[in-house]
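Q: Hi! Could you walk me through a model I just opened? I'd like the overall build before the details.

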Amino acid sequence: MDRRQFLKAGSFLTASAATLGLTGCFGRGGGGGGEPARSYTFPQGVASGDPQPASLVLWTRLGDAVADTPVTIEIATSQSFASILHSVTVTAQAQWDYTVRHKVTALQPGTTYYYRFRAGSGVSQVGRSKTAPAAGTPVSQLKFAFISCQDWSVNHWAAFDELLQQDLDFVVHLGDYIYETVGAAFQTGKVETRHSQITLPDGVKRSDGATYANTLADYRTLYKTYRSDSRLQALHAAFPIIAVWDDHEFSDDAWQDRQNYTTGEDAAKATSRRRDANQAWFEYMPADVSLDAANPSFQNIQIYRQFSFGNLATLVMTDQRLYRADHVIPELGAGSEIGSRYFVPKSTLAAVEGQKMSAASGSLDPVSILGSTQRQWWKDQMSAANTTWKLWGNEVSLLRMQVDGTQAVAGLMLQGLIAANAGLAALQNQLMNALVSDLTTAAAAVPSASKATQTPAPAYTQTKAVLALAGVSAPVFDAGIKPQLDAALPAAQFFDVFLLNADQWDGYNAERKALMKHLKDNAIGNVVALTGDIHAFFAGSVMDDYDAASPVPVMVDLVTAGVSSNSFYSYFESVVDSSASFGKTKPLIYTEQNGVRTNTFNSTLTTFNPWLKVANTDAQGYALVTLTPAKLSCSFHTLKTLSAGVAPAQPATRSTSRLEVVAGSPSVTVLP
Ligand SMILES: [Fe+2]
């Protein structure tokens, strides 16, 4: 064997060059000759990933192995394997759970390859993959899907069957490939019967009844189970994947090596758990990255990396978990995740972010998602890209998602008033201003300590003055209207401007502004983020500064719903259904007539966030992109729901939104 073939053997990403022909072999126990003709199986199928012009990473895992076992990889340019281009024998090792990860180099650009694995007398299924076009060469079109959030334990995986019908160059996965918990509240919805309950060998039970993965064996169990599904296997066998992780490959809303299940829990490091999560991801994902097992840090792997596809597109994949600072307002400071990660008052977050940066002499490090090294790398990639498009595989949304609670409640009150007294419609704008003013004054009068529970007591001074213009007397107001208005009042804390989710870029506003400034200052255009995480479809422009008087669009963010995970809407629905303090805001999430609920959350979001061109908060699905030099065309596919435990038959798509980003303009057009 030629040691030079195996560039990354130290971290167990083996490599060989396709020009070396048929005889390469290496590794402990590697030899091929004299092996007993035992038949091994490949229960997790085959996969490929990280397409570069000259290389691909090929993956499989041996079932039934009890000791290190030689595995031969064969590559051909035809599905029949009539002529084998390259054959190499590596070793499936117990210490890596018998996974095989092999990088083949010296391949031809823009070429389809077929691959399979042999162990003993066992032969795997055949996988198909495709290298990227050569750097700088003209490329007229790329077609790919981007997906995220494939919770095994809820809904269904019909999306994979449908993606299989497409002719894709690759699939981008934005993370939440696995969920580290089973039995959590968000996983208790219906699931297809073919997905049985997962049992984690060492799982830790939480007080809410959920169990979370805590060891390498637990995380491996999750990947093995997810990858046992024939539809996911088929997707991997059909297309190369370019994957990064989000939080659930380790722990919900995680940062660095910190878990966040209970308030203040993230004060303690969970380094070995994080390292186990890293290792399992590394073992099971066909990614061209190294894991340094000898490095005792949790930062023993680097998954941020770059791809290019001819002169058409650069794709930058970032890691938004391993280097990110704690949420700007820690859970302990807020008392819970409400006020820390969710429903965070915008002004409080801005003030604390400013304080943290001042204390660090203006550095973004204490308020960063990317960390300083990766941030500089991102800027360098964006500056250096000489392709028409710059795509960014970005886990959490860059789009501002805020709600002005005072405006929202005043709007609801006004709707009620006008519904009961149509004659007041002419005074709508004056009444709105008067209500907002009265509510603001009343909410400010509630002591801070009681704001979460106490409703304000407005005197309605200004509202009464406007109503007097319409002939509504004070006694009529007090007897007939005031009780209606008071009945709609939520707790005082709601009368503020909120960021819905500070675990996404909204919670790291200063760094987002710095990235947008870099693009703007250097006139870097045609930047489009491909995003997952939030279990909803969104699309819109990312602004240089969302809080400016006139924000300027800099790039575009396209956000795909989860493949199966419960929707963003469903979380808010359960909050307003179960929380006394948020219950009064129900009409901002849904209305109900004759037992039928209608989603109002989409319009609540677009009302307060005019940059959102698409807001579809109650969906599962996937996104397809066709990219040409002139435009990026994207379709968001919303899937039909589960029926009696069975995934919908093909076509599983219920509806499609079609969007376009035209080269030269950082904006999204929704096509009719
Ligand atoms: Fe998710």
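Q: How many helices and strands does the protein have?
A: There are 15 helices and 32 strands, taken as DSSP runs (H or I, at least four residues, for helices; E, at least two, for strands) numbered from the N terminus. This is a predicted model, where local features need pLDDT of at least 70, side-chain atom pairs count only at pLDDT 80 or more, and totals for chains, interfaces and linings use all residues. Residues are numbered from 1 along each chain as its sequence is written, and side-chain values use heavy atoms, leaving out hydrogens and water.

Q: Thanks! What box do the C-alpha atoms fill?
A: Roughly 100 × 55 × 50 Å along the principal axes.

Q: And how much of the protein is buried?
A: Buried residues are 59% of the 672, with buried meaning under 20% relative accessible area (1.4 Å probe, protein chains only).

Q: Which residues have the most contacts inside the largest nonpolar core?
A: Phe146, Phe538 and Leu558, in a core of 170 residues. Such a core is a set of buried Ala, Val, Leu, Ile, Met, Phe, Trp, Tyr and Cys residues joined through side-chain atoms within 4.5 Å. Helix 8 (residues 405–420) gives the most to this core, eight residues.

Definitions and conventions: Buried < 20%, exposed > 50% of the residue type's maximum accessible area, 1.4 Å probe, protein only.
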